Amino acid sequence: MATRKVNFKRPQNFLFFLNLLSLSLVILYNKSFDRLSVGVVVGLTLTIYISNLLLLKISSGDHYLLQIVSMMMSLGIIMIYRINPELGFTQVIWYVIGIMTFYLTYFIIKKITFWPKCMKLYIGASFLLFLLTLIFGSTIKGATNWIQIRGHTFQPVEVIKILFVFFLASYYVNRNKFENKYILSIIVYLHIGFLFIQKDLGSAMLFYMVFIVIFYVYENDRKFILINIIAAILMAILGYFAFGHVQIRVEAWLNPWSDISGNGYQITQSLFAIAEGGFLGKGIGNGYPSFIPEVQTDFIFSAICEELGILTGIAVIMLFLILIYRGIKISLEQKNQFYRIVALGITLTLGFQTFIILGGVTKLIPLTGITLPFLSYGGSSLVMSFAALGILQVASEYIYSEQEENYEQGTKEDN
Amino acid sequence: MFDIIFSGLSSIFRYLFILLIYLFMFGIIRLIYLDIKGIKNKEIRGNTYLKLINRKDSLPFKVDEFYSLVSNVTIGRSKNNKIIIKDPYISKKHAKIIKERNQYFIEDLNSANGTFLNSEEIMDAAILKNGDIITIGSINFLFVTEQ
């Protein structure tokens with residue numbers, strides 16, 4: 001009875017055992033018992049455990065966010081390690097960098113208080129990154145949204161996601177100073193236009209969805225919101241007829257079986273993999289996830305379903321649901337208007353991103369290349385997701401308003 | 001041979017993994033449930049407590065709806081008080097509530113703006129009765145003791 005009580009109070013214990021067991025199994029599968037692999041297993045398990053304990057000491061806010069994310073993260077690493085040990089090792093390094101970014105962002109965002117005042121900086125930085133991508137961008141997997149620096153590639157759009165949320169938040173905080181909904185929507189549509197030029201349809205959809213929800217929550221002019229939605233639908237129809245790559249995506253979604261060896265190959269292989277797994281999955285190492293192209297990034301969910309079963313797949317979706325629930329609750333409880341909108345924006349970004357890719361791999365909506373946050377392989381995606389989580393962690397705490405702070409400093413001398 | 005043993009091992013382990021993942025989620029959901037339940041249960045905290053009279057959202061600083069008075073309690077703006085309220089009109093160490101022989105006393109700790117009991121300033125210490133209104137800074141508390 002006593003042990004049971006202790007166990008349930010600390011869900012990270014389950015995570016600890018899961019990591020230890022599954023990573024050992026993966027090492028067994030890869031037949032690599034060298035010092036490096038053992039180091040990864042022990043190191044990763046301890047890093048996850050300690051980083052969760054550390055957060056309890058540091059932050060007075062929400063303690064569930066990092067635990068939920070650690071669980072998703074572990075499932076991702078297990079799968080990537082099993083698919084390709086080299087990529088798995090890189091992912092572990094990215095994870096460690098991600099955790100450091102999480103704590104670093106947490107302290108930076110908390111220390112600096114002038115975030116709502118630099119709206120123009122956010123817009124400028126976003127457009128600078130977009131222009132850099134246009135000029136220096138290299139095309140990988142059909143989308144021109146990568147920048148290569150000495151062999152290292154990164155996706156600027158991951159940074160722009162956070163800048164975009166900050167921009168919307170600072171606009172609505174300072175709305176009485178420069179409220180102009182037309183300029184706001186022009187800037188937002190410019191963002192989406194740039195993404196469309198880069199052929200990054202998933203991100204374009206994501207930005208639009210985040211924008212329209214925040215717009216719906218904070219804009220007073222109801223008619224203008226409706227006009228925006230109608231205009232977007234018209235633009236989507238126009239885009240379908242004007243661009244060939246949109247047509248291919250939609251056709252592969254409506255009937256992938258007609259071109260099973262060509263455009264429909266990826267999505268049909270994903271469906272086969274999910275079906276093959278059944279309820280309990282094949283077991284790690286017993287499936288064939290590498291049949292799906294891009295399995296380690298966009299299609300990680302199909303691989304998890306195949307080898308660990310649809311029950312784990314449902315668990316992944318439920319983990320995201322809990323994460324989004326916590327995010328919305330943080331946003332509702334936060335008194336500071338800026339952090340309120342930022343928390344909502346980040347939660348929406350994570351939520352819609354999950355919806356777009358999970359809908360894509362299960363053939364619910366047309367497939368667009370976008371990563372599954374915290375699970376997919378990819379450095380910039382992972383690090384920026386952790387940065388977003390760090391901001392959400394700050395938003396979950398009580399933030400003293402500037403007036404209070406000033407008074408605190410002014411009255412230090414009394415009694 | 002290795003492959004057969006491994007695939008067998010892996011098929012057994014998958015049950016364990018799913019079990020662990022769901023236990024973890026159960027743990028998280030249980031903690032969240034306790035968290036939500038705790039918010040409601042704060043209303044019933046012992047027999048004696050301070051109840052906030054001001055509307056909570058009219059105050060620009062953090063203050064709870066209820067403060068239980070289980071043992072001796074100090075009120076003030078600095079961090080080493082039991083009840084911390086960041087009101088600018090409250091001193092670092094403002095007042096103290098003491099329990100002695102089933103009676104509650106409130107004592108002013110030489111605060112700058114004073115402590116008021118039923119809108120009369122307390123000079124040293126005063127006995128608290130059920131239904132008394134304590135004014136500290138811009139905050140009004142109702143003293144409740146149920147016996």
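Reader: Is A:Phe338 buried or exposed?

Author: A:Phe338 is buried, with a relative accessible area of 2%; buried means under 20% relative accessible area, exposed over 50% and partly exposed in between, with a 1.4 Å probe and protein chains only. This is a predicted model, in which local features need pLDDT of at least 70, side-chain atom pairs count only at pLDDT 80 or more, and totals for chains, interfaces and linings use all residues. Residues are numbered from 1 along each chain as its sequence is written, chains are lettered from A and ligands numbered from 1 in the order in which they are written, and side-chain values use heavy atoms, without hydrogens and water.

Reader: And how many aromatic pairs are there over all chains?

Author: There are 31. Rings of Phe, Tyr and Trp (its six-membered ring) pair if their centres lie within 6.5 Å; planes under 30 degrees apart count as stacked, over 60 as edge-to-face and the rest as tilted.

Reader: Why is the pair of A:Phe166 and A:Phe338 edge-to-face?

Author: The pair is edge-to-face because the planes stand at 80°, with the ring centres 5.7 Å apart. A:Phe166 is also buried, at 5% relative accessibility.

Reader: Changing topic, what lies over the face of A:Tyr216?

Author: A:Arg222 does, at 5.0 Å from the ring centre. A charge sits over a ring if NZ of Lys or CZ of Arg is within 6 Å of the ring centre and within 35 degrees of the ring normal. Likewise, the charged end of A:Lys181 sits over the ring of A:Phe224, 5.6 Å from its centre.
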